[in-house]
Amino acid sequence: MTLPVSARLPLSILLLSCVYFALCQLVLVLMPPVRLDLTEKRLFTLSEGSIHILRDIRTPVTLTLYYSEKEARPYPQFRQYATRVVEKVEEYAAQSDGKIKLRILDPEPYSVMEDAAIADGISAIPLEDGSGPLYFGLTALSDGRKNTIGFVKPEAEEHLEYELSKLIRSVQRIKKPKVALVTELPVTGNANPVFGPVTPAWVAFRQLSERYDMVTLSPRGLSIPEDVDVLWVMHPRGWPADSYRQIQNFINAGRHAVILLDPNAESVPVFGNTGELYLGSDAVALLQPWGIVFDPGQVVLDSKYAWLMQLNENQFPKRNPGLISLPGAAMNQRDVVTTDLDRIVLSSAGALTMRDSSTLKIEPLLQSSDASRLLDVMAYRSAADDPEKLLNKFVSSQEPFVLAARFTGKVAGSKSGPGGINFIVISDTDFLSDRLWVLESNLFGEPVYSAQASNGDFFFNIIDQLSGSDDLISIRSRGMVARPFEKVDQLRRTAEQRYRDSQIGLLADLETVQGEINALQAGAKPGSLIEDPRRAALDAKKINLRKQLRRIQRELNEDVENLGQRIKLLNIFGLSVLLLIVAGIIAIRRRMFKDYARVPGHASA
């Protein structure tokens, strides 16, 4: 049976469509999975360090991502970021050879999933419109060991891969990392009155002891155990040459260390007048082989970041340029140990530089402002009673000084392996003393710490990172992709303008109702409001107002959702329809040529 010409074209299009979709399904089923990362900064390509961590997984890992998708709908930029995070986590699961199982849960309000999120330590983020809360956190579970990222922060996107790899690595560890402290400062406390006032251990040491296997080593007759993960060297001063040599060999072998130096260590136990006492670190003996320069006779003064301090209650606060309060702008935001920190306070810190002949690379972590200068340590100490006079006739060097830095690279003759050496030097020891960053109080017999600065977080980040494997340390910042949707933003602004008056009125009514509820509770006896009709009426009114707010929020987001649906439909069917149209045009042209060729006199054409 021969089909009429008019029916052949629609049937051909239908047949081509079936063949196209059949081929797509065949490709998905039979062809091996191929992943191609075409992003500008290759955001979805895992680094070698992360791949090595995945290969070293010994016991299966279950990753649970809690994501409140419905609560995030009114925030397109956050949804865009959340999509990238989901795809990144899926990439980890895809590259793990089945060792990582991924679960994505939506913890809706008052649901079992929300209870699970709270139990796992996921942070509840309140939203502007009173809805929510929003959950976006991740937990890792492996063989009974669990760790959590309470909230995957958008502002820390460039460190996302590091945080994910660190999370997976943390649940694979069976024992705590070992940190060895080498110092003669009273960091662990002083229980012997012969050596000065009896003092407790520093808060930083106590908090580290809860998270790590801490050991203290004497610099006299030093012997570093083989199982030490991080060596913490603090204020080397008058130590035997063999101790310096052991520390150098430890670092040159590619093992990790943090060294704290100081031109004026204020925590050194001394008796009597300290005016002419030398309190600087022996930096030359320790750092010279690496080409690192630290002058223990010079203190960095900073007029811009000088901390406002009050020496006693009878005086006005004065600025001390030697007591430096560093804001986030003075920190390296591309290094995981200093990103997202608020403020770090240093006291009489020194400056770090490098010789041109050094083979190491310096990466500053903390820097003073360009309104800084160096001052002789004795001149600085002579102004202790009135530090503000150091600002008189202050002449800036017009350049910042490096106060803390990471040093990486290779040294001739070292056995550091392919990763090279990696250690951190900080030019101040006092920043870890309690007085500069934390207040301790007692609550029902338990110590409670209130951080006044980010000094502790800075040092804990250093130990966290250095105690990881070389693979973890090798993971660098990957960049951010925060490209705004201009059309979406325009639609959202138009919708907000349309519904703002109604929303403001409802929020005002909600605040009034909440005030009436609070007033009713304040004047009532405990338990007397359970069956009170006034309270029931107020609760019903509050629920109704919240429903209206949610309805307005849905309407506000409707244009954005419609645009998203149109884009999805265009992506899914646009190319297919375009190909079918092209195929139809080609088929019509061929038929026209055939019909033209059948006309007598045109056969040869």
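This is a predicted model: local features need pLDDT of at least 70, side-chain atom pairs count only at pLDDT 80 or more; totals for chains, interfaces and linings use all residues.
Which helices each supply at least two residues of the nonpolar patch? Helix 1 (5-30) and helix 14 (533-598) do.

Residues are numbered from 1 along each chain as its sequence is written, and side-chain values use heavy atoms, with hydrogens and water left out.

**View A. The whole protein.**
The protein has 14 helices and 20 strands. Both are DSSP runs, numbered from the N terminus: helices are H or I with at least four residues, strands are E with at least two. Of the 605 residues, 43% are buried. Buried means under 20% relative accessible area, exposed means over 50%, and partly exposed lies in between (1.4 Å probe, protein chains only). The protein exposes about 32900 Å². Carbon and sulfur atoms supply 57% of that area. Accessible areas come from the Shrake-Rupley method with a 1.4 Å probe; for residues, only the protein chains shown count as cover. Now take the contacts with a separation of 6 or more: 74% of them join residues 24 or more positions apart. Contact means heavy atoms within 4.5 Å.

**View B. The nonpolar surface patch.**
Look for Tyr-20, Phe-21, Leu-569, Phe-573, Val-577, Leu-579, Ile-581 and Ile-585. Together they form a nonpolar patch on the surface, with about 730 Å² of accessible area. Patches are made of residues with over 30% relative accessible area and no salt bridge; like charges are joined within 9 Å, nonpolar side chains (Val, Leu, Ile, Met, Phe, Trp, Tyr) within 5 Å. Helix 14 gives the largest share, 6 residues. Val-577 lies in this helix, helix 14. Val-577 counts as partly exposed because its relative accessibility is 45%.

**View C. Helix 7 crossing helix 11.**
Helix 7 (residues 203-211) and helix 11 (residues 455-466) have axes that come within 11 Å. The axes cross at roughly 30°. Each axis is a line fitted to C-alpha atoms, for helices over the stretch in contact, and angles run from 0 to 180 degrees between N-to-C directions. The crossing of helix 7 and helix 11 is right-handed. A crossing is right-handed if the near helix is turned clockwise from the far one by less than a right angle, and left-handed if anticlockwise. From helix 7, the meeting residues are Ala-204, Gln-207, Leu-208 and Arg-211. From helix 11, they are Phe-459, Phe-460, Ile-463 and Asp-464.

Is Val-258 buried or exposed? Val-258 is buried, because its relative accessible area is 0%. Val-258 sits in strand 8. Leu-181 is 77 residues away along the chain, yet its C-alpha atom is 9.8 Å from that of Val-258.

**View E. Salt bridges between separate parts of the chain.**
A salt bridge is a side-chain nitrogen of Lys or Arg within 4 Å of a carboxyl oxygen of Asp or Glu. By this rule the count is 15. One of them joins Glu-108 to Lys-70, with the closest N and O atoms 2.8 Å apart. Glu-108 lies in the loop between strand 2 (100-105) and helix 5 (112-119), and Lys-70 in helix 3 (residues 69-72), so the pair ties together parts that are 38 residues apart in sequence. Glu-108 is partly exposed, at 35% relative accessible area. Lys-70 is partly exposed too, at 44%.

Another salt bridge joins Glu-226 and Arg-255 (3.9 Å, N to O). This pair links distant parts of the chain, 29 residues apart. Glu-226 is in the loop between strand 6 (213-217) and strand 7 (230-234), and Arg-255 is in the loop between helix 8 (241-252) and strand 8 (256-260). Glu-226 counts as exposed, at 69% relative accessibility.

Asp-242 and Arg-245 meet through their side chains in a salt bridge (3.5 Å, N to O). Both lie in helix 8, 3 residues apart, about one turn of the helix. Asp-242 counts as partly exposed at 39% relative accessibility, and Arg-245 at 44%.

**View G. Two loop residues with positive phi.**
Most residues other than glycine have a negative phi. Asp-97 has a positive phi of about 55° although it is not a glycine. Asp-97 is in the loop between helix 4 (76-95) and strand 2. At 72% relative accessibility, Asp-97 is exposed. Asp-143 also has a positive phi, near 55°. Find Asp-143 in the loop between strand 3 (136-142) and strand 4 (145-149). Asp-143 is exposed, at 59% relative accessibility.
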